[in-house]
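Hello,

Please find the structure we discussed below. My notes on it follow, grouped by region.

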Amino acid sequence: MTVSIRIQAEAFDVAAETAALTEGRADIGAVVAFTGLCRDEGGRLTALELEHYPGMAEAEIAHIAAQAQDRWPLLGLTIIHRFGKVLPGDPIVLVLAASSHRRAAFEAADFLMDYLKTRAPFWKREHLKDGTAGEWVEAKDLDDEAAQRWL
Amino acid sequence: MKLVYFAWVRERVGRTDEDVELPDGIETVADLVRWLKSRGEEYEYAFENEAVVRAAIDHVHAKPEAAIAGAREIAFFPPMTGG
């Protein structure tokens with residue numbers, strides 16, 4: 001079981017990360033990739049700024065990854081979350097879940113995203129087109145409800 | 001004990017972190033919040049809606065009733081909005 005967790009400012013390449021996860025492996029039959037991107041919210045935003053809690057971010061994501069491994073027969077996991085300023089169209093988060101069969105990979109990726117959004121210590125702030133720093137993004141009840149599904 | 005703040009909690013308190021000497025009787029996260037609110041209007045503002053602000057003890061999510069004895073670092077922050 002390969003688990004790679006990275007918190008970084010730089011962008012990432014989904015194809016390269018997928019190749020790194022599956023290289024030399026003949027047992028993986030399914031890789032599900034989820035990429036979260038920065039939206040411009042209908043042209044309103046020039047960027048999102050992501051603040052995080054160094055140390056806890058890594059620890060909490062490792063804890064979430066361990067829960068996913070307990071629940072599904074996974075063969076590999078890659079989780080990358082960016083911090084700092086990201087532009088509309090840029091990637092923010094990547095989850096790769098590998099398993100022998102697709103169902104476990106789909107479900108684990110879905111679970112990981114629900115838990116990342118509600119438990120990993122990251123906060124988004126909007127930067128507006130008029131040049132001002134906008135509001136902190138508010139947490140959505142829908143995200144909490146999505147995470148509750150797995151209890 | 002070190003306290004750290006993030007996002008709008010950090011902005012309202014006006015600092016990223018601080019070291020504090022706690023008086024006797026501060027046993028839980030909720031006690032700590034109550035004590036912080038007595039220290040000034042910036043804390044009063046940051047914790048005006050106590051149910052919204054989240055806490056972590058030594059990098060682990062903690063509820064208001066969690067005991068803080070032995071903690072090295074306690075963090076306060078808004079609900080997470082990553083992903």
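**The nonpolar core**

The largest nonpolar core has 56 residues, and the members that touch the most others are Ala97(A), Ala108(A), Leu112(A) and Ala75(B). Helix α3 of chain A, residues 102–119, contributes the most to this core, with 9 residues. Please keep in mind that this is a predicted model. As general background, nonpolar side chains in soluble globular proteins tend to be buried together.

Ala75(B) has contacts in both chains once its neighbours within four places in sequence are set aside. From chain A, the partners are Tyr53(A) and Met56(A). From chain B, they are Val4(B), Phe6(B), Ala55(B) and Ala56(B).

**Where the chains meet**

Between the chains, 14 residues of chain B are in contact with 22 residues of chain A. On the chain B side, the elements that give two or more residues are α1 (7–13) and β5 (73–77). By class, that side of chain B has 9 nonpolar residues, 5 polar ones and no charged ones.

Each of these two elements has a residue to look at. Ala7(B) is in helix α1 of chain B. Its phi is positive, about 55 degrees, although the residue is not a glycine. Ala7(B) has 23 other C-beta atoms within 10 Å and is therefore buried, the cut-off being 20 or more.

Phe76(B) lies in strand β5 of chain B. Phe76(B) is also buried, because 23 other C-beta atoms lie within 10 Å. Leaving aside neighbours within four places in sequence, Phe76(B) is in contact with Tyr5(B), Val9(B), Val53(B) and Ala55(B).

**Helix packing in chain A**

Two packed helices are described by the angle between their axes and the distance between the axes. Two pairs in chain A involve α3(A).

Helix α2 of chain A, residues 56–71, packs with α3(A) at an angle of about 150 degrees, the axes being 10 Å apart. Angles over 145 degrees count as roughly antiparallel, so α2(A) is roughly antiparallel to α3(A). The crossing of these two helices is right-handed. On the α2(A) side, the contact is made by Glu60(A), Ile61(A), Ile64(A) and Ala68(A). On the α3(A) side, it is made by Ala108(A), Phe111(A), Leu112(A), Tyr115(A), Leu116(A) and Arg119(A). The residues of this contact divide into 8 nonpolar, no polar and 2 charged. Ala108(A) and Leu112(A), which take part here, are also among the residues with the most neighbours in the core.

The other pair is α3(A) with helix α4 of chain A, residues 141–148, where the angle is about 130 degrees and the axes are 9 Å apart. That angle makes α3(A) oblique to α4(A). Here α3(A) passes α4(A) in a left-handed crossing. Asp114(A), Tyr115(A), Lys117(A) and Thr118(A) of α3(A) meet Asp143(A), Asp144(A), Ala146(A) and Ala147(A) of α4(A). This contact has 3 nonpolar residues, 1 polar and 4 charged. Tyr115(A) is in the contact with α4(A) and also in the one with α2(A).

**Other positions**

Glu126(A) lies in strand β7 of chain A, residues 122–128. Glu126(A) counts as partly exposed because it has 17 C-beta neighbours inside 10 Å. Beyond four places in sequence, its contacts are Leu45(A), Leu48(A), Gly134(A), Glu135(A) and Val137(A). Glu126(A) and Asp141(A) are 15 residues apart in sequence, and their C-alpha atoms are 19 Å apart in space.

Glu41(A) is found in the loop between β2 (30–37) and β3 (45–52) of chain A. Its phi is near 50 degrees, a positive value in a residue other than glycine. With 14 C-beta neighbours inside 10 Å, Glu41(A) counts as partly exposed.

Lys63(B) sits in the loop between β4 (60–62) and β5 of chain B. Is Lys63(B) buried or exposed? It counts as exposed, because it has 11 C-beta neighbours inside 10 Å and the cut-off for exposed is 12 or fewer. The C-alpha atoms of Lys63(B) and Phe77(B), 14 residues apart along the chain, are separated by 13 Å.

Regards

Definitions and conventions:
Residues are numbered from 1 along each chain as its sequence is written. Chains are lettered from A and ligands numbered from 1 in the order in which they are written. This is a predicted model: local features need pLDDT of at least 70, side-chain atom pairs count only at pLDDT 80 or more; totals for chains, interfaces and linings use all residues. Two residues are in contact if their C-beta atoms, placed from the backbone, lie within 7 Å. Helices (H or I, at least four residues) and strands (E, at least two) are DSSP runs, numbered from the N terminus. Ala, Val, Leu, Ile, Met, Phe, Trp, Tyr, Cys and Pro count as nonpolar, Asp, Glu, Lys and Arg as charged, and the others, Gly among them, as polar. A nonpolar core is a set of buried Ala, Val, Leu, Ile, Met, Phe, Trp, Tyr and Cys residues joined through C-beta atoms within 7 Å. Axes are lines fitted to C-alpha atoms, for helices over the stretch in contact, and angles run from 0 to 180 degrees between N-to-C directions. Angles under 35 degrees count as roughly parallel, over 145 as roughly antiparallel, 65 to 115 as roughly perpendicular and the rest as oblique. A crossing is left-handed if the near helix is turned anticlockwise from the far one by less than a right angle, and right-handed if clockwise.
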